[in-house]
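The following paragraphs lead through selected features of the structure shown below. Please keep the sequence and the model at hand while reading.

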Amino acid sequence: MKKEIWTYLETDGRGELVSASAELLAKAKIIAAAAEEKEKEYSICALLAGAEHHALESAAEKALAAGADRAVLIEGRDLAVYSAEYYSDAIGRLAENEKPRMILFERTTDGMELAPRLAARLEAGMISDCVDLTKENGKLLWVRHAFGGTAAVSVSFREQERIQIISIRPGSFGGAGRVKNNADGSCVTPDPESRGLDAAKTSAAIVSVPYSAADSAGGAGKAAGERIVRPELVEVLEAAADRGVDLSTAGVIVAGGNGAGPEGFKLIEELADLLHGAVGASRVAVDKGWISHAHLIGQSGITVTPDLYINCGISGSVQHIVGMRDAKCVVSINKDPKALIFNVSDYGIVGDLHKVLPALIAEIRRHRG
Amino acid sequence: MNIIVCVKQTPEAGKGEMNPGTGTVLRTDRKQVINPFDLYAMEAALRVQEKEPDTRIIALSMGPASAASVLRDCIGLGAETGYLVSDPAFAGSDVRGTAQVLARAVRVIEKREGIRADAVFCGAKTVDGGTSMLGPELAQFLGVPQVTYALHCSPQKSKDLQESQGMQDSPDLQESQDPQESQKLQGSEGLQQMPEGTRTNGTFLRVEKEDDRGNRIYCIPAPCLVTFTKASFQVRYPMIARILEAESMELPVLSAEDITAEDPAGDSLSEKNPVAAGPEAAAMQVEAVQLRKLDKQSQIIEDPDPVKAVTALAQRLFSEGIL
């Protein structure tokens with residue numbers, strides 16, 4: 001029987017996969033191919049957890065259409081609201097029984113804290129925020145960035161018999177599986193029939209496993225039967241991100257900084273809309289209250305890897321560059337010809353963004369007719 | 001409330017380098033400072049202390065003898081003392097090993113100080129390795145709940161905001177104090193169960209976690225672990241008198257023997273948590289380190305007429321299929 005590579009997938013709660021999870025299945029295929037050896041092949045299992053069976057099932061069907069070989073739904077009332085404590089226990093318990101070769105997470109807000117907690121529970125090794133994979137002398141080398149992106153570190157797992165936990169940076173692996181973001185943030189998944197899946201085959205590939213936190217078997221740090229405590233979610237504040245597009249997976253980002261001001265951000269949003277992109281910001285713009293913290297790109301914000309990064313009025317501090325240096329094409333607009341941002345740019349315009357952006361918006365509209 | 005703040009010595013921002021041969025951090029000629037994210041954790045602990053003056057704050061670090069300097073930084077800011085876990089046997093530990101050692105160290109501190117660690121605070125990530133793994137791994141090895149990437153927190157006597165005295169004077173959380181709103185959420189499905197047992201300690205933290213889908217407010221019972229990211233407030237400056245005091249303080253150092261031999265809390269921690277520290281026991285092996293240089297052509301257009309500049313830029317972007 002084939003060993004499995006598990007992918008932990010997140011949904012929007014209404015039966016759709018989030019775009020980072022749709023990407024993860026494409027990366028899992030690349031990883032499965034790289035890990036393949038003689039008499040060692042891997043199949044891909046989609047892992048979905050929650051309390052709403054129909055929503056999970058609907059997301060599982062999309063995962064199967066997008067490349068998973070089977071899907072496991074971990075279901076229970078305790079999983080109605082995400083918590084690292086219960087989710088890591090639920091996945092850990094299943095993993096101890098079924099012993100997959102590896103469990104992959106996308107480095108989302110949840111994945112970033114769930115994966116290491118699970119790794120500790122299984123006493124497994126983990127690599128976080130992985131961006132690429134190579135193979136040397138039959139050994140898999142996982143690549144991640146350190147020191148604010150200035151170093152690439154290749155890491156291997158020393159314990160071949162243990163489950164391996166890997167979290168992967170959205171947009172990495174050469175943009176594999178990048179989902180085109182529609183203006184409303186929804187992502188398109190392939191048609192199940194393109195994989196030759198009919199209703200019967202699809203339903204046969206989905207299994208459901210019950211979970212209750214009460215009968216935990218322990219794991220590292222816990223004696224068997226010891227109750228698992230989780231924090232209580234009291235309130236979800238209104239989404240600071242006022243747009244549906246996820247920065248971490250966006251193909252196009254238009255960002256503003258100190259030189260932008262509230263008026264500049266109106267132009268930045270207009271350009272982002274025109275390019276079906278997301279809006280980003282530097283620390284100064286967030287601190288001045290021109291835009292919410294959710295849009296912050298940099299050391300204390302989010303790391304982005306879009307195909308196109310247009311920045312306006314951002315001088316280019318070390319902390320900001322950490323978050324955007326892996327963008328494929330960087331276009332900078334800044335009044336100061338000596339701004340550090342120009343050193344990490346493919347293209348730049350020295351000028352006032354309040355004049356340059358309207359001209360750029362007009363030019364793109366004109367070009368598109 | 002007793003808070004243990006975990007801190008790490010890291011190279012100053014933007015100046016870190018690694019030894020390309022061994023993958024170890026070159027520490028010799030770089031200024032070593034406290035990891036900036038750990039300062040946010042320290043600041044959060046001090047803010048808890050402002051609200052609950054009997055709060056004890058103890059700093060904890062693992063590293064070479066020189067790492068004692070970051071513990072002294074914490075004392076300068078207001079920590080009571082600092083424990084350094086330092087042993088050649090622990091050098092080269094991976095995150096799993098480090099988390100296991102720190103979990104034991106927390107138990108040793110509890111025993112020696114005669115306290116229970118109600119909360120362990122960490123930075124959400126480090127500026128060198130930047131894995132963000134330590135906090136959640138440590139929480140699991142301690143067997144406590146976690147909130148990661150917190151912006152700020154406030155102590156609470158009860159999990160119910162209205163019963164709590166501690167929150168009334170919290171300016172940080174004004175926006176989330178609508179009692180109807182939080183009651184409504186507490187009553188909604190899946191959120192209402194907080195088993196009775198969690199009330200026995202009478203101590204909770206109300207934490208705002210950063211989340212791009214909308215920040216979340218959690219109520220987390222002690223003992224717990226919280227990791228902090230940069231909040232909107234400034235981190236305070238150390239007090240001169242405390243800095244001088246810290247210079248002459250003798251800080252306790254925990255060796256591998258202290259960590260592994262003691263059965264710290266008299267519980268079965270040693271059984272539950274074997275320590276796999278040092279390079280030989282590590283799960284991960286660094287194979288290579290390469291510096292990543294940005295190779296950008298930087299075609300910069302300087303034209304006083306913005307329309308001409310944009311036309312020149314747009315032509316290139318259109319022709320290369322970027323736009």
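How many bridges join strand 10 of chain A to strand 9 of chain B? Strand 10 (residues 232–236) of chain A and strand 9 of chain B run antiparallel and are joined by four bridges. Within this pairing, A:Glu235 stands opposite B:Ile217 of strand 9 of chain B. Strands pair if DSSP finds at least two bridges between them; strands (E, at least two residues) and helices (H or I, at least four) are DSSP runs, numbered from the N terminus.

This is a predicted model, in which local features need pLDDT of at least 70 and side-chain atom pairs count only at pLDDT 80 or more, while totals for chains, interfaces and linings use all residues. Residues are numbered from 1 along each chain as its sequence is written, and chains are lettered from A and ligands numbered from 1 in the order in which they are written.

The two chains meet through 86 residues of chain B in contact with 82 residues of chain A, contact being defined as C-beta atoms, placed from the backbone, within 7 Å. On the chain B side, helix 9 supplies the largest share, nine residues. By class, that side comprises 39 nonpolar, 29 polar and 18 charged residues. Here Ala, Val, Leu, Ile, Met, Phe, Trp, Tyr, Cys and Pro count as nonpolar, Asp, Glu, Lys and Arg as charged, and the others, Gly among them, as polar.

Within chain A, strand 4 (residues 102–106) is largely enclosed by the rest of the structure, because five of its five residues are buried. Buried residues have 20 or more other C-beta atoms within 10 Å of their own, with C-beta atoms placed from the backbone. In a regular strand the side chains alternate between the two faces of the sheet. In strand 4 of chain A, one side carries A:Met102, A:Leu104 and A:Glu106 and the other A:Ile103 and A:Phe105, all of them buried. Strand 4 of chain A pairs in the parallel sense with strand 1 (residues 3–8) of chain A over three bridges, and A:Ile103 is the bridge partner of A:Trp6. Strand 4 of chain A also pairs in the parallel sense with strand 8 (residues 164–168) of chain A, over five bridges; there A:Glu106 stands opposite A:Ile168.

Helices also pack within chain A. The axes of helix 6 (residues 261–274) and helix 9 (residues 353–368) of chain A come within 10 Å and cross at roughly 20°, the axes being lines fitted to C-alpha atoms over the stretch in contact, with angles from 0 to 180 degrees between N-to-C directions. Helix 6 and helix 9 of chain A are therefore roughly parallel to each other, a term for angles under 35 degrees. Their contact includes A:Leu267 and A:Leu271 of helix 6 and A:Leu357 and A:Ile361 of helix 9 of chain A.

Terms used:
A residue is buried if 20 or more other C-beta atoms lie within 10 Å of its own, exposed if 12 or fewer, and partly exposed in between; C-beta atoms are placed from the backbone. Angles under 35 degrees count as roughly parallel, over 145 as roughly antiparallel, 65 to 115 as roughly perpendicular and the rest as oblique.
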